[in-house]
Amino acid sequence: MADDLGDEWGWIQMKGSQRKSRKMQQCQEPKTSKQEMLPKEERCLATRGSQKEGSRMLKTLSEHLASTDDNPGTGDDLCVAMATYFHNKLSAVEMEELLLEEHCFLDVNKGNESVSDYLTGTIPDWSAVVKKEQESKKPNKSCVLLLLTSSGKRAVDLMRDAASFRGKCVTAKLFAKHIKIAEQEKFLASHRVQFAVGTPHRVSCLLESGAVTLDDTKYVILDWNWRDAKLRRFVDIPELKRDLFELLRKHLIPAASRGKVKFGLL
């Protein structure tokens, strides 16, 4: 009886092992798609058709974005974008701390003006501010105006476009393109800067290390509406959006809430 039971149990185990082996083999076998079952010529045509469809969709999207006029960025746009990004990331109290009053913003760039024209119109006393700053020769590791943008290349373009507004002031390049952070720290420690152009990540690093402070910063300008070759704005690129909003939350918005900083959106 015991022998019979053993024989039966062994057979059941063997049968179960065979089923398991067949199941594993089936899982390991690559699945054949419907497209792969087609004859070679038809399969090529189907693949080519799907590629054309994808290209057509991308082209249509690009044409739409290219033909769409960007509305000027406003303070509400910035607040809504931050609220969307930090939704479910921060508590209700922390979210309230991100709210900015109307007086925290400069005038809107209504006519999509050039950098120099916009800054000249919103900060008409710039020359007087620079002259007053330059009277003190002592380095302060700060800047009067900080312009934030998406990349080093774009930062260089903005510096050139803002030349007529900047005039003869000390300018700092706070981005990573061909410039080491140690070089920037040394420059900030030995100069009194009035105008700085940078990217959110590099500016955050300099603030965290103490190489930069916001003690004398009065204006923070965001390169809001400009689009890159892929028609993406500043806040359409996930990693840039993260760096920008974290910089705003940790450093810039607290300064604005204390009445020290005003924001402008290009």
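Which residues have the most contacts inside the largest nonpolar core?

What we have here is a predicted model, where local features need pLDDT of at least 70, side-chain atom pairs count only at pLDDT 80 or more, and totals for chains, interfaces and linings use all residues. Residues are numbered from 1 along each chain as its sequence is written, and side-chain values use heavy atoms, with hydrogens and water left out.

Okay, the overview. The chain has 11 helices and 5 strands. Those come from DSSP runs, numbered from the N terminus: helices are H or I with at least four residues, strands are E with at least two. Of the 266 residues in the chain, 36% are buried. By buried I mean under 20% relative accessible area; exposed is over 50%, and partly exposed is in between, with a 1.4 Å probe and protein chains only. A contact, for us, means heavy atoms within 4.5 Å. If you take the contacts with a separation of 6 or more, 73% of them come from residues 24 or more positions apart.

Now back to the core. The largest one has 40 residues, and the ones with the most contacts inside it are Leu148, Leu174, Phe245, Leu248 and Phe263. The elements giving it two or more residues are helix H3 (75–86), strand S1 (145–148), strand S2 (171–174), H10, strand S4 (219–222), helix H11 (238–257) and strand S5 (262–265). The top contributor is H11, with 8 residues. Apart from this core lies another one, of 24 residues, including Ile123, Cys169, Ile179 and Phe195. In case the term is new, a nonpolar core is a set of buried Ala, Val, Leu, Ile, Met, Phe, Trp, Tyr and Cys residues joined through side-chain atoms within 4.5 Å. And as background, nonpolar side chains tend to be buried together in soluble globular proteins.

Let's pick out leucine 148. Leaving aside neighbours within four places in sequence, leucine 148 is in contact with a list of residues that includes Thr199, Pro200, Val203, Val220, Phe234, Leu244 and Leu247. One of those, threonine 199, sits in the loop between S3 and H10. Threonine 199 counts as buried because its relative accessibility is 10%. Not counting residues up to four places away, threonine 199 touches Leu148, Thr149, Ser150, Ser151, Gly152, Leu174 and Phe175.

That brings us to H10. What are its buried residues? They are Pro200, Arg202, Val203, Ser204, Leu206 and Leu207. The cover over them includes S1, S2, H9, strand S3 (195–198) and H11.

So how do the helices pack? In general, two packed helices are described by the angle between their axes and the distance between the axes. Here the axes are lines fitted to C-alpha atoms, for helices over the stretch in contact, and angles run from 0 to 180 degrees between N-to-C directions.

Take H9 (residues 181–190) and H10 (residues 200–209) to start with: their axes come within 11 Å and cross at roughly 60 degrees. That makes H9 oblique to H10, given that under 35 degrees counts as roughly parallel, over 145 as roughly antiparallel, 65 to 115 as roughly perpendicular, and the rest as oblique. On the H9 side, the contact is made by Ile181, Gln184, Glu185 and Leu188, and on the H10 side by Arg202, Cys205, Leu206 and Ser209. Those residues divide into 4 nonpolar, 2 polar and 2 charged.

H10 brings Pro200, His201, Val203, Ser204, Leu207 and Glu208, while H11 brings Asp243, Leu244, Leu247, Lys250 and His251. This contact divides into 5 nonpolar, 3 polar and 3 charged residues.

While we're on H11, glutamate 239 lies in that helix. Glutamate 239 counts as partly exposed because its relative accessibility is 43%. Its C-alpha atom is separated by 9.4 Å from that of histidine 201, 38 residues apart along the chain.

Last stop, some backbone angles. Just after H10, glycine 210 takes a positive phi of about 90 degrees. Lysine 141 has a positive phi of about 55 degrees, although it is not a glycine; lysine 141 lies in the loop between helix H6 (126–135) and S1.

Notes
Ala, Val, Leu, Ile, Met, Phe, Trp, Tyr, Cys and Pro count as nonpolar, Asp, Glu, Lys and Arg as charged, and the others, Gly among them, as polar.
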